[in-house]
Amino acid sequence: MSTDRTDAPPATADTPPPTGDATRASGEAETADARRAPGEAHGDGDGTPGPRPEDTPPAPGTGARSSAGTTTDAAGGAAEGAGGVAATGADASAADDETAGAGGAADGGEATDHDVADSGDMTDGDATAGTGAADSGAGGPGSERAGDGAADSDDADSDAADGDDTADSDAAGGHAAAGDAAVGNRAADGDDTADSDAAAGHAAAGNRAADGDDTADSDAAGGHAAAGGGAAGGGDGGGLSEAEAELAAQKVERERIARRKAERTAPIEAGAKLSGRAADLLAAVRAVESGEKPSVYFDEAPAAPARRAAAAAPARTVPTTPAPGPAAPAAGTVDAVRAVLTRGGAPEALALRAAETLGEGAAAELADDPWRLLAVTGVRPAQADGFARALLGAAAGPGDGRRTTALVGWLLAQAALKGHTALEAPVLHGALAQYAVPDPEEALEQTIGDGTVLVFPEPVGDPVPEGEEQPVRLLVGLEGAALAEESLADGLARLINTFDAEAAAGDPAAWAKAADAAPTRSAAELVRAAAAHGLVTHTGGEAARAESLALLAAARDLGLRAWLATHTAAGRDRLAAGHGAPDGQDGPDGQDGQGAPDGFATVAGLLTGTEGPGRDGEGQFPLDLLLVLDAPQLDVETAAALVEAVPDGARLVLSGDPAVLGSAGPGRVFADVLAARACPQLVSRTPDPGPIGELVSGVGIGELYQVEAPGKEVVIVPVRDAGEAVHRTVQLVSESVPRAFGLPPEGVQVITPGHGGAAGTRALNAALKERLNPGPGRFGGFDPEDRIVYVPAPGRALPGRVVSADADGLHLDCAGAPGGRVVVPKDRVEQAVRHGWAMTAHQAVGSRWPAVVVVLPGDAADALSRDWVYTAFGRAERHLSVVHGVDQALPRAVAEVLPRPRTTRLTGLLRTLMAAAAAEEGAQQQS
């Protein structure tokens, strides 16, 4: 490993070791400085000599361990390795500062991948003074108290596409009662957690702390109110776009889940006198809160699915064209909504989104219940309160049942953006109290009784002996994530219980021979486990992917219909190239499958039908084995849809690296399945090779090793400030790394913690574009041959390049898009497309590049966590440069800052189902 600064004295053995003070967790990682515009990017680093990895001698060893070798921070004495950099940026502090709000779970939320396109669309940017305890205070829809976002005008609508921006707008002076809350304005791909209005634990209009990174803040100055929020999408010029097809498929799956739920429980009519199950539910709520044992449990896990013989998969049929997405609201509906919004002082630009969200009767609904405006993306409680006061006058009190019901739903929606699928009742009580609800307990009970949310008692700890009281916690969740989690548990249990090893294994001698022929011992174990079980988990680093390839090859050689799915198209193509798979297999419609290699697909492509084997007449995949790599990136809805499509008797292998950043959407599917211990768990023994592999493996266990890098595989580039960081990064990408390793600039990827700030993706991309592809940027800031990141749906980031632009929109060449080409309409470009020379770690998950430059400016110190560093460093194949400006924050983050836990139910559901299945099997054996 080497240091790229020759004018600094070498570090000595007296260099102080990393110190404590855990700061920020992974979920809220993607922050940085949100307050500086890209124009301020260059700082004063222009006079710094450019780094030359090939000319720099390795740094002398020291007695202290460092992340990527020993380095010295020229600005302030010796600093350890890639680990050091005093936080110099002014805007990092609040980047995700404990905005204990909406997502609040006691365990905190993970602010990962969700950006809400055109998030900031509610106010005109008037940031009035005052901090009021709740959002019900003075200030209408056009104003925001306590500076909630007025300064973040550069982020409001532009922060779309993918976001790692954690703009915790309500940092309210350190109120952290209920964990962190992702308040939602998230653009499509989702690393931007525009945490506006933190509810649980912050005064409603909480004072905006120096806010880190890109606040896709709802109230950005200037009051941009771009219509059409939600997942950034883009058409392809004709028919359905990939985003529309994917959203339509998800909508169908959600409807199916809801129908299954309806079969088990009758709906509760809003406002009706409670009886039966609803009355029991409220009684249980009160009992749990008072410490008593509930007399009845509700929404218990369904009985384990009966074991049945695996049926042969039906013949493959040609699927029909996916159903189109919801039609645009009628012009009259939008006009009526606009009139109501105008009466209430809300921006007219919200009319289209309100009509899309609330439907045909949106105008009447808003007039009767103004707080329904909270259902619209980007609207926050303070704004809905002002709108309600303008329409209802003195009748709009803080204890109004309509207000409390809307607040509960909004708080749970923000928690979902942080990764939670449910919240504990006391967390919601605290959040409601922060919004001046007079009786939070009664308000939550009424909301539960109305059927707006679902409640689930979950046992805590190990089962207790019969006759003793089992401790429980009461979880409250929105219907979508809750039902998806139940459907996923049902589907996983179905695969376990319907798999007949004797019927499905085929020739045992053939499987044994395939295992013996596997290239490594770990691969052989994986083959044997998959031969005998319907569900298997497999964990390991980048090198462990070869074991999944060995299983795929063995299964196909045995005549099984086997497919491997990855999170990204780049990951798919890389594996296929190593496997020697041919390109251009026939898609299910008989056309070329957009270059997807035979046997390989992306998860998104499988679900939309653009890749993979298609679906049979029952909507299931005609396959015998499905290997899902990058399993940590599965959220509950995606996983539920995927598992539901795997037929009875088939095998499912979930494989991934538990140390990487988690999914963009709610849930922690892979971690929950591992925790449930309901199936065989294979752990790879194959280490990642080389200095980069050694470095990354150390990060995974909380250590920053000093590694030997004789071939300049790892180079540290200390910097004094953000301006120097940008300057050095441009030199590395355009000159030093290409010259040293014989790579084109396109083979070098820059990764940084956030979009905003003086060295965030915006500033870096502006500088890199000026150097590598200068142009006027006449189409939304883009020119032909610009590197970009396109976000067709939340949690998906597709790297690509600009081909051209015309009246139809921006034409992109993106791997993973249908046909490889995408046309993004002009009105969606700002929300769905970013420049891509520099990206965030959340965007980079699932992909790798020959060379990676990780930029750690001083203002990003609080954004770092172990899983962020692990993910960013692990994206490099041949060379890793670390532009180092965070002093001891890096080793501290690796050693101490763990991912924030998410409140989920999958582990408990799966354990209950498997226990029920075991009990049923035992009873059958006895009889």
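Trainee: How many helices and strands does the secondary structure of the protein chain come to?

Mentor: This is a predicted model, in which local features need pLDDT of at least 70, side-chain atom pairs count only at pLDDT 80 or more, and totals for chains, interfaces and linings use all residues. Residues are numbered from 1 along each chain as its sequence is written, and side-chain values use heavy atoms, with hydrogens and water left out. Helices (H or I, at least four residues) and strands (E, at least two) are DSSP runs, numbered from the N terminus. The protein chain comes to 26 helices and 26 strands.

Trainee: What percentage of the residues in the protein chain is buried?

Mentor: A residue is buried under 20% relative accessible area, exposed over 50% and partly exposed in between, with a 1.4 Å probe and protein chains only. Of the 927 residues in the protein chain, the buried share is 60%.

Trainee: How are the axes of α3 and α6 placed, roughly perpendicular or roughly parallel?

Mentor: Axes are lines fitted to C-alpha atoms, for helices over the stretch in contact, and angles run from 0 to 180 degrees between N-to-C directions. Those of α3 and α6 come within 8 Å and cross at roughly 90 degrees. Angles under 35 degrees count as roughly parallel, over 145 as roughly antiparallel, 65 to 115 as roughly perpendicular and the rest as oblique. The two helices, α3 and α6, are therefore roughly perpendicular.

Trainee: Which residues of α3 and α6 meet?

Mentor: Contact means heavy atoms within 4.5 Å. By class, the residues of this contact are five nonpolar (Ala, Val, Leu, Ile, Met, Phe, Trp, Tyr, Cys and Pro), no polar (the others, Gly among them) and one charged (Asp, Glu, Lys and Arg). The residues are V340, L341 and R343 in α3, and F387, A390 and L391 in α6.

Trainee: What is the orientation of α14 to α15?

Mentor: The axes of α14 (residues 545-557) and α15 (residues 569-579) come within 11 Å and cross at roughly 60 degrees. That angle makes α14 to α15 oblique.
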